[in-house]
Amino acid sequence: MSIPLNIDIATASSSHTAPQINIDTTTQINIAYRDFDYYIPLYKAALQGNWESAKQVLENDPSAATAVINRFQMTALHVAAGEGQSAFVEKLVDFLPAEALGVQDRVGLTALHYAAITGSLRAAVALVSKNSALTNVLDPHGRTPLLVAARYVYECNYDVLWYLAMMTSDEEPSCPFTGPHATDLVKGLLLSGSLDIILYIIERYPSLATATTAMGSCLPNLLSLTPSNFLSGNRLGVWESCVYSVIPVQKSYGPPYTVRRSIMKDVHQQGPIPKRHVVLRRLQRLVFTVFTQLTPSCIKRLQEAKHRHQCAVELFKQLCTRISAMHGSLTEYFLKMDKVQFQAASLGIVEILRIMYQLCPDLLWNSVGDDYSPIRVAIKNRQENIFGLFCEKNARNKLQSDSVGSSSESILYLAATLAPQHSNVSGAALQMQREMKWFKEVEKLVHPFSRIDNVKRGKTARELFTELHKDLAAAGEKWMKDTSSSFLIVSTLIATVVFTAAFTVPGGNDDDGVPNFLKTNAFLVFAMSDALSLFSSLTSILMFLSILTARYTEEDFAYSLPKRLIIGLASLFLAITTLMVAFGATLSIVLDQKLKWISAPTVLLALVPVAIFTSLQLPLFIEMVRSTFGFNFIPQSPW
């Protein structure tokens, strides 16, 4: 019942030419009009990974293993590999001859192409172990399985990329590492974050360091367009920053253990491995499994991110080293490729600029007076990391600060313009705060004479700042007042409740007016928490009232208004917390004689509103604190 095919496939052992499949016109017509109902059980088994069902079909009709089972000219191996059914692929590979693994479907993809797209390491290992020539089979677009994997594998399953990179050879006709698609391969690996694989490939093929894409972009240029591959291009939270700083540095950039184990498995099939190596391999596998199970997902993600960041820095250093060896003068090369410096400055990748300045100190002077100098680009794009490289009061930075570009605009004018839309600051008030801080910091670098110099439409830079930020200041004022009004209502209610509770103490008073439970510990807790709640709520009321009655000048957005909101939020949180403590102490006093178990559930229930308020308002509080006290322009050395 199988369809006759004219297959011309070279075995992996005899040659490394790309296997091809030729289907004549008659066969194509038969495929187009044939009823495929006969292969539906095998089709479903391949989709679901049900080997028992497939095995029954293959025992009745062995030719079905290599038959085309749908109108897309796919075999059961194509379908299973495309669905990520690794176990099914492994068993089916054992059932098939080596030359049958290279059959291509209607769009020219082999089963290894589909395994590469799904990111299935087990399926790729099973296919390549039986036919090593599959790694060099090209689809109609001239893409190897490795290139396809670099295009479609991202965020996970990087092991299959490593495996294919190590098992693919640079042989004709594909030449994946030196041919016309080599730059596309490096670009795909770069965009997927597989920088350690690029390091491995460039070590074997140094010419890729200076290769350019069809659009004229080189690898350093492409690397400067991916800020997510560098630490400076990622915004970590407080907890993430602490964990990131203590993660040990990985000194090796080789393949992960899972890939090394897969390659060792291939070697084992070709010859015996010493018994001590087998024991070591099992021990490594056990340690890796335990480490994976015990490591939380957040820490594992940060480990991967830190490894990627280290690989990015190391990759750029090696690129510079190899470019210098090929071109003789690294300075001249970077002067021609000025886009690298411009893009790194505009995206805030300070690591690239540091490496460039360390290797080519002339670049620090070359951009003086240029419209695309890093300091001007950093101010225009609000990149504080880059700006920190030019905050020191030396001759070079003073000349850059005093220079004007071809448009006769000083750096103070650039600071007076609105921030770009891609700014990572959320909220109108925080944006206005950040803009005011930027302007004040840039103003420190400018000579006093330049501060009053007219720059546009007869206005000074400060007047221009006020004009361009008028709408943003109004939006920030509205946000501040609306937020403060909402919190003010809550603070007032808390103050009213705790003030009333101070005169209606739990348990009542005796004839002399002394509280009946005055000497109990629960009453002491009640009195202290009630007083703290009253004082805290009154403090928050005063802070929110001061925000509502503020002048809302531009300088107020920098420190005054945010600090008041921070104090008000902290006081409100303390007021809510102590209010719940006072409520719990009151229940304990009143019900302790009859319900001694009431204390534990009361404490647990009291934590619920506190936790809800914290989870809802803590992000705003942290953002305000970081924007007010954490956003500082600290001078950094370019070395």
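Residues are numbered from 1 along each chain as its sequence is written, and side-chain values use heavy atoms, with hydrogens and water left out. Since the model is predicted, local features need pLDDT of at least 70 and side-chain atom pairs count only at pLDDT 80 or more, while totals for chains, interfaces and linings use all residues.

Let's start with Gln73, in the loop between α3 (51-60) and α4 (76-82); helices here are DSSP runs of H or I with at least four residues, strands are runs of E with at least two, and both are numbered from the N terminus. Gln73 is not a glycine, yet has a positive phi of about 60°. Gln73 counts as buried because its relative accessibility is 13%, where buried means under 20% relative accessible area, exposed over 50%, and partly exposed in between (1.4 Å probe, protein chains only).

Further along, Arg382 sits in the loop between α21 (374-381) and α22 (384-387). Arg382 also has a positive phi, near 55°, in a residue other than glycine. With 8% relative accessibility, Arg382 counts as buried.

In the model, residues 486-503 are 89% helix and 0% strand, with end C-alpha atoms 28 Å apart. Residues 565-591 are 100% helix and 0% strand, and their end C-alpha atoms lie 39 Å apart.

Finally, look at Leu616 in helix α31 (residues 599-630). Leu616 counts as exposed because its relative accessibility is 58%.
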